[in-house]
Amino acid sequence: MCGIIGIASNKAVSTNIIESLKRLEYRGYDSAGLATLHNNQILEKKCTGRVEKLEKILFKNPALGSVGIGHVRWATHGVPNEVNAHPHSSEIVSVVHNGIIENSDQLKKDLESNGIKFKSQTDTEVITLLLTEEIKNESPIKSVQKTLKKLKGSFALGIIFKSFDNLIVGARRGSPLAVGYAKDENYLGSDSYALKSMTNKISYLDDGDVCVLTKNSVEFYNLEEKKINKKVHTLSDDKNLAEKGDYKNFMSKEIFEQPITVKNGINEYVDKIKNDINLYNFPIDPKSMEKIVLIACGTAYHSCLVAKYWFEEMSNIEVEIDVASEFRYRKIKFNKKNLYIFVSQSGETADTAAALQLCKDNNVKTCSVVNVVESSIARNSDWVLPLHAGPEVGVASTKAFLGQMLILYILCLKISFNRNEVNKDEYIQKINNLIKLPKAIDDILKKEDQIQLVAKDIYESKGSMFLGRGTSFPIALEGALKLKELSYLHAEGYPAGEMKHGPLALIEDGLPVIVIAPKDKYFEKTFSNTQEVIARGGKVLLITDKHEMVINENIRFKIDVPFIEESLSPFILTIPLQLLAYHVALLKNCDIDKPRNLAKSVTVE
Ligand code: F6R
């Protein structure tokens, strides 16, 4: 959450800051701002809303200077308004910040008791004002190091100083920060994606690191304030994948890209000639693994929920799942024979990263299933399984969800086979079926018209409910999450069998109820629950691969999806739910790629 950019150059920087902020907007978009140094002055421009607005302000009133910092905000302390937008500047320093300063109230009281006045409601301004005091007697780097000692919480910072017109200081504790290198220009950024249009040479700060950038030098200091060297990574060139091409928005592009996402994942991990899965170097031999613990947030957590059913079906291994924000504070009994798996598109989610760190601190083996291979979570894990889904820009996760399920499915199959819990014939059969998946996803995407009709029918409703059993329960949760985050229409996901324990009370005339009922062992039971809904006036959309089923005239809509094999149904059933959320949001004129109040990379607790 919140995006930071800093550029030290020998030419004007504001245009490149704006371009980088546009790439960072997925991290926060309620306000934007930048500060440059010019003629021994800090020039600050900021506004509520999007980077486009900031760009227009700069067009009329340019910010000159060859050193600058920029920020897109996702509000934590203080409403999204111009005063609370970053940078936060005094006459002497200017600061952009991602994260939360947990002791800001106390620090603010201390500063105020010394007669220092605050302009904003943010926690960030505390840093600005502490630095303004320290820099009176110290060098920039020392003033930052002394200020950092007073701060509690997690953060990434970018700082410029009025009297140092070729200097940016960055600092990281908890929240990610990267440095990029080019000729006569160096960069600071919340992630490599922000810097990719300018360079492919990147270093990452570790927790506690401070960096000092000029246009032709970069220095790093660790927590002990010792000068250190950093590895320089060369990034892969996937710029084009992050363009939306002819699509209306990134989300529709990413939904329609899913056959390719799955194909890429299969090509990466499946040997179609040998009928085998290319997964080696397990940090623990699958035969001696006692338990698999899956940890994630949001949509990524839903992929773990699905995987739990797969592991239970295919193997005898015990599986535990938890949302990262709970796991990190639980009193966990760690076991060296367990494999702890962290699933994350961005690889930067604060809670997931903290849960991973907890495992590292307890010396247990970790694996990450991530899309961004340069991310903190990937770099901190013993074993990394990349999704190979390409950049996902739409804030609501779609193709990464399918990618996450794919990797977890492949992992489950390989572990179960290595443990002799799936025999050779089943293994080969399942691999052959998996290869059919991209085509099936392609086929269901062709049903967009039908789903558009359903969207028209439900978009003015007050709420909705999504029901499923078995693996279709997490898919119901995912369908509900997509609908609520994109269209702001209230949506509840429930195990169909739980309805009569309370939620049935919500069913009234015309309430849309989306029932996910593939032909599995639960079908008849789910269908009985559907009848209970219909009897109370619910308007049912049934999504099923049981084509032979005689349709009950009281079901308002039925979407038939392809069938390959039972365990692959979650992939196929997800697609209509993504399209439904997308079309409802489109009809409601919502900002599809940037839903209100959200951000793509959740780097605060
Ligand atoms: C919902 C969504 C979020 C993320 C969650 C975790 O569409 O995208 O729920 O899944 O914030 O993010 P990652 O996967 O980056 O750890």
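This is a predicted model: local features need pLDDT of at least 70, side-chain atom pairs count only at pLDDT 80 or more; totals for chains, interfaces and linings use all residues.
A crossing of two helices is called left-handed if the near helix is turned anticlockwise from the far one by less than a right angle.

**First stop: helix 9 and helix 17**

Select residues 298-314, which form helix 9, together with residues 472-487, which form helix 17. The axes of helix 9 and helix 17 lie 8 Å apart, and the packing angle is about 165°. Because angles over 145 degrees count as roughly antiparallel, helix 9 is roughly antiparallel to helix 17.

Next, display the side chains at the contact. On helix 9, select Gly298, Thr299, His302, Leu305, Val306 and Tyr309. Their partners on helix 17 are Phe473, Pro474, Ile475, Leu477, Glu478, Leu481 and Lys482. Coloured by class, this contact of helix 9 with helix 17 shows eight nonpolar, three polar and two charged residues.

**Second stop: helix 13 and helix 14**

Now move to helix 13, residues 399-418, and helix 14, residues 424-435. Here the axes are 10 Å apart, with a packing angle of about 165°. Helix 13 and helix 14 are therefore roughly antiparallel to each other, and their crossing is left-handed.

To see the contact itself, select Leu406, Tyr409, Ile410, Leu413, Lys414 and Phe417 on helix 13. These residues meet Lys424, Tyr427, Lys430, Ile431 and Leu434 on helix 14. By class, the contact of helix 13 with helix 14 comprises eight nonpolar, no polar and three charged residues.

Key. Residues are numbered from 1 along each chain as its sequence is written. Side-chain values use heavy atoms; hydrogens and water are left out. Axes are lines fitted to C-alpha atoms, for helices over the stretch in contact, and angles run from 0 to 180 degrees between N-to-C directions. Helices (H or I, at least four residues) and strands (E, at least two) are DSSP runs, numbered from the N terminus. Angles under 35 degrees count as roughly parallel, over 145 as roughly antiparallel, 65 to 115 as roughly perpendicular and the rest as oblique. Contact means heavy atoms within 4.5 Å. Ala, Val, Leu, Ile, Met, Phe, Trp, Tyr, Cys and Pro count as nonpolar, Asp, Glu, Lys and Arg as charged, and the others, Gly among them, as polar.
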